[in-house]
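Open the model in your viewer and have side chains ready to display.

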Amino acid sequence: MPVRHERSRPVDRRARVQGRPVDSYPALPAEAERGAERRVTVVGEEVLSRRCREVTAFGTPELSALIDDMFRTMYVADGAGLAANQVGVDLRLFVYDCPDDDGIRHVGHLINPVLELPGPGSRRLLDDFEGCLSVPGATMAVPRTDRAVVRGFDKDGSPLTIEGTGYFARCLQHETDHLNGQTYLDRLAKRDRKDALRQMEDRRADVFARRALKAADLDR
C-alpha cells in the first residue's frame with residue numbers, strides 16, 4: 001500500500017506587524033518618517049549596564065514620540081532592532097524590523113517584555129554571528145536558542161505576544177538582554193570580548209560615516 005504524505009502547509013510570507021500578518025507594508029514605516037534621529041549610546045556608557053525601568057504610563061504623546069525616534073534611529077544605523085537604553089532612555093522598550101530564517105519580515109515595538117525560551121529538553125542552540133549598534137563595527141559568534149517568545153504590551157497598553165524563530169528569535173533575545181543591562185559582549189569569553197572591542201576601535205569611524213550618509217539620504 002502506498003504511503004500517504006500530508007501536504008505541507010504553504011508558508012504565509014506576508015510581513016508581520018506587531019505579530020499580525022499584513023498584505024502590504026512600506027519599506028520605511030510611518031514611525032521612521034515621523035521620528036527624529038537620536039544619538040546611539042556606545043558600550044561602556046552606564047545606561048547600557050543597568051536594568052531598565054518598567055514603563056508605567058501608556059498612550060502618552062511622549063511614548064509615541066520615543067518609539068518614532070527609535071525607529072528613525074534604527075534605520076539610520078541599518079539595525080534590525082533597537083532598545084530604549086541605546087538612545088539613552090532608561091525604559092523597558094524596544095523596536096524591531098527583522099527577518100526570520102524564512103525571509104518573513106517582522107516589524108513592531110514591545111514594552112515591558114518578558115522573554116520565554118524553550119526548556120532544556122527542546123532547546124536548540126545556534127552559534128551565529130551577531131552585531132550591535134552600541135558596539136559599532138564588531139561582530140562575534142554568540143550562541144542563542146533558535147526559538148523565542150516575548151510577552152509584553154504595545155504603546156497603548158494592549159497585551160502582545162511575539163514569537164520568533166531563527167534570526168528573529170536572536171533579535172528578540174538580543175534586545176531583551178539590552179533592557180536587562182547586558183550587551184552581547186557579556187555573553188563572550190574574555191578573549192572574544194577583547195577581540196570585539198578591538199574590532200570596534202578599528203571600524204567605528206567608518207560605521208559613523210555610513211550612518212551620517214544614511215541620515216542625509218533619509219532627510220531628502
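Select Glu116: at 32% relative accessibility it is partly exposed (buried is under 20% relative accessible area, exposed over 50%, partly exposed in between, with a 1.4 Å probe and protein chains only). Arg151 sits in strand 8 (residues 147–153) and Glu116 in strand 5 (residues 105–116), 35 residues apart. Helices (H or I, at least four residues) and strands (E, at least two) are DSSP runs, numbered from the N terminus.

This is a predicted model: local features need pLDDT of at least 70, side-chain atom pairs count only at pLDDT 80 or more, and totals for chains, interfaces and linings use all residues. Residues are numbered from 1 along each chain as its sequence is written, and side-chain values use heavy atoms, leaving out hydrogens and water.

Next, select Glu130 and Arg170. Their salt bridge spans 2.6 Å, N to O. Glu130 is buried at 4%, and Arg170 is buried at 5%.

With Glu130 and Arg170, they are linked in a network of salt bridges.

Last stop: Arg50 and Asp90, a salt bridge at 3.7 Å, N to O. Arg50 lies in the loop between helix 1 (30–34) and helix 2 (61–76), and Asp90 in the loop between strand 3 (81–83) and strand 4 (93–99), so the pair ties together parts 40 residues apart in sequence. Arg50 is partly exposed at 30%; Asp90 is buried at 14%.

Note on methods: A salt bridge is a side-chain nitrogen of Lys or Arg within 4 Å of a carboxyl oxygen of Asp or Glu.
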